[in-house]
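Visitor: Could you walk me through this structure? I would like to go from the overall layout to single residues.

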Amino acid sequence: TEFAPYVKIVIPPLLEAAAATDGAYMQDGDDDDVELREGFETIDFSVRGIGNKRLVLNTAMLQEKATACHMLYQYAAELKEGFAPYVKATAEIMIPLMAYRYHEGYCVYV
């Protein structure tokens, strides 16, 4: 295809964005001094026997990751054999996302 020469420039940053791992983390929910940066959201909850916990979500990064997954899916579908050099790396990133609970968009493209 006409796009083939650009694949090696476009796909690696998408793989990097799809592989990002700092989208969600847990912290002690009793800490009231939490200062959230833009693009972050929290969910506070209590776990019996453990106490208060806070799930911190980097929603901006999670959305970027979902977009990268969608774009990888689209490139694989359109490029077919032209996507072959990236199949292994894409599979290594996408397969674990099938069980990712913090963003429903990932499983759609896996």
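The conversation below goes through the model topic by topic.

Guide: This is a predicted model, in which local features need pLDDT of at least 70 and side-chain atom pairs count only at pLDDT 80 or more, while totals for chains, interfaces and linings use all residues. Residues are numbered from 1 along each chain as its sequence is written, and side-chain values use heavy atoms, with hydrogens and water left out.

Visitor: How many helices and strands are there in the protein?

Guide: The protein has four helices and three strands, and from the N terminus on they run α-β-β-β-α-α-α. Helices (H or I, at least four residues) and strands (E, at least two) are DSSP runs, numbered from the N terminus.

Visitor: What share of the residues counts as buried?

Guide: Of the 110 residues, 29% count as buried. Buried means under 20% relative accessible area, exposed over 50%, and partly exposed in between (1.4 Å probe, protein chains only). The protein exposes about 7,500 Å², and carbon and sulfur atoms supply 55% of that area. Accessible areas come from the Shrake-Rupley method with a 1.4 Å probe; for residues, only the protein chains shown count as cover.

Visitor: Which residues have the most contacts inside the largest nonpolar core?

Guide: They are Ile-11, Leu-72 and Phe-83, in a core of 16 residues. The elements giving two or more residues to this core are α1 (4-18), α2 and α3. Helix α1 provides the largest share, six residues. A nonpolar core is a set of buried Ala, Val, Leu, Ile, Met, Phe, Trp, Tyr and Cys residues joined through side-chain atoms within 4.5 Å.

Visitor: And what does Leu-72 touch?

Guide: Not counting residues up to four places away in sequence, Leu-72 touches Ile-11, Leu-14, Leu-15, Ala-18, Phe-83 and Thr-90. Contact means heavy atoms within 4.5 Å.

Visitor: Thr-90 is in α3, then. Which residues of that helix are buried?

Guide: In α3 (residues 87-97), the buried residues are Thr-90, Ile-93, Met-94 and Leu-97. Seen down the axis of α3, these buried residues fall within an arc of 90°, so they line one face of the helix. The arc is that of the directions from the helix axis to the C-beta atoms. On the other side of α3, Lys-88, Glu-92, Ile-95 and Pro-96 are exposed.

Visitor: Why would residues three or four places apart point the same way?

Guide: An α-helix has 3.6 residues a turn, so residues at that spacing, three or four places apart, point the same way.

Visitor: Is Leu-97 buried or exposed?

Guide: Leu-97 is buried, with a relative accessible area of 6%. The C-alpha atoms of Leu-97 and Cys-69 are separated by 9.6 Å, with the two residues 28 apart along the chain.

Visitor: Now the strands. How many bridges join β2 to β3?

Guide: Eight bridges join β2 (residues 40-47) to β3 (residues 51-58), and the strands run antiparallel. Two strands pair if DSSP finds at least two bridges between them. Phe-45 stands opposite Lys-53 in β3. The hairpin has three residues between the strands, and Gly-49 takes a positive phi near 85° there.

Visitor: Where does Lys-80 lie?

Guide: Lys-80 lies in the loop between α2 (59-79) and α3. Lys-80 has a positive phi of about 50° although it is not a glycine, and it counts as exposed at 56% relative accessibility.
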